[in-house]
Amino acid sequence: MMAVIVIALIFQRNLFSVVVLAGIYSFLMATVLVALDAVDVAMTEASVGAGISTVLLLGALHLCGGEEAKPLQRGWLPLAVTLVIVGALVYGTLRLPAFSDPHAPIHTHVVPRYLEQGPKETGVPNVVTAVLASYRGYDTLGETIVVFTAGIGVIALLRRRRRDKDGR
Amino acid sequence: MKREPVLRVVGKMLIPYMLVFALYVQFHGDFGPGGGFQAGVISAAAVIFYAIIFGLPAARRVMPEALVEAMVAAGALLYIAVGFAGLLLGGNYLDYFVLDTDPVAGQHRGIFWVEVGVLVTVSGVMLKIFYMFAGRQRED
């Protein structure tokens, strides 16, 4: 179903339906994440990917019109670059441990300690929250700063535009 | 969309539940899925919903731009302040064990305030971006 939506996305020229299809894709992705037991990520995907970004894209669409412009030239070079990168990524995954292999390095390093000691040390039953806010506090601080920087960037960009308009 | 009675009534009924759900996701994040990021996005979505139905000026009255901009910075500052609180009480930066006499309670307190910081920044940024985009189309 996701593959069908991606193919529809590629061949769709009306940007409004592209936005709606991307929202549907996000919801399908969220269900996949629920199936992988990553409920926290699924929730984020459903609310950010399908909710907020759809609204923001629709707002942007209102500003710039709903039809995609015809491409100026055939994109053989971009296609070749994409294929090379896809090939490299697929080659990189070949040597990864099998999915949900209990002896994979990621499951033997710090994960057992988090799972065994986390509830005792932090008193928080949800391990995701414990890791996110406590063990990986620096990472989450960085993420918060990234979100903050994004907001500041948007403010800086769009404010200046408005002042130009006033000056004219 | 201001004159659609069905939308207005349904919106008025739904928005309180959306905000309560955001708070639930925030404070129940210790036990179930959720946390600051998700709760921030959900609460911002509630205000965006309000803005779409009742118009941008009404939303600006509920959540003034100055408040939203203050939220953007306040959340990040709160997070950093929690880190320095640990530093002042004799631990490392972002060390929660020293925030209370009982280390587990200290962890709880640290995680709680950090998540509040994330919530405030995320919802502030989402709202601010929406205001920026929506405000432009009003001017054109």
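Modeller: A residue is buried if 20 or more other C-beta atoms lie within 10 Å of its own. The model here is predicted.

Biologist: What makes α4(A) hardly covered?

Modeller: The count of buried residues among the 19 residues of α4(A) is 0. None of them therefore reaches the cut-off of 20 other C-beta atoms within 10 Å.

Biologist: How do you know that the reach of α4(A) is close to the one expected?

Modeller: Helix α4 of chain A, residues 76-94, reaches 27 Å from its first C-alpha to its last. The expected span is 1.5 Å times one less than the number of residues, and for this helix that is given as 27 Å.

Biologist: Why is α2(A) called roughly antiparallel to α3(A)?

Modeller: Helix α2 (residues 15-35) and helix α3 (residues 39-64) of chain A pack at an angle of about 175°, with axes 8 Å apart. Angles over 145 degrees count as roughly antiparallel, so α2(A) is roughly antiparallel to α3(A).

Biologist: Which residues meet there?

Modeller: Among them are A:F16, A:V19 and A:F27 in α2(A), which meet residues of α3(A) including A:V41, A:L57 and A:L61.

Biologist: What does α3(A) give to the side of chain A that touches chain B?

Modeller: Helix α3(A) gives the most, with 14 residues. In total, 37 residues of chain A are in contact with 43 residues of chain B. The chain A side divides into 21 nonpolar, 14 polar and 2 charged residues.

Terms used: Residues numbered from 1 in each chain as written. Chains lettered and ligands numbered in written order. Predicted model: local features only at pLDDT ≥ 70, side-chain atom pairs only at ≥ 80, totals over all residues. Axes fitted to C-alpha atoms, helices over the stretch in contact; angles between N-to-C directions. Helix = DSSP H or I, 4+ residues; strand = E, 2+ residues; numbered from the N terminus. Parallel < 35°, antiparallel > 145°, perpendicular 65-115°, else oblique. Contact = placed C-beta atoms within 7 Å. Nonpolar A, V, L, I, M, F, W, Y, C, P; charged D, E, K, R; others polar. Buried ≥ 20, exposed ≤ 12 C-beta atoms within 10 Å, placed from the backbone.
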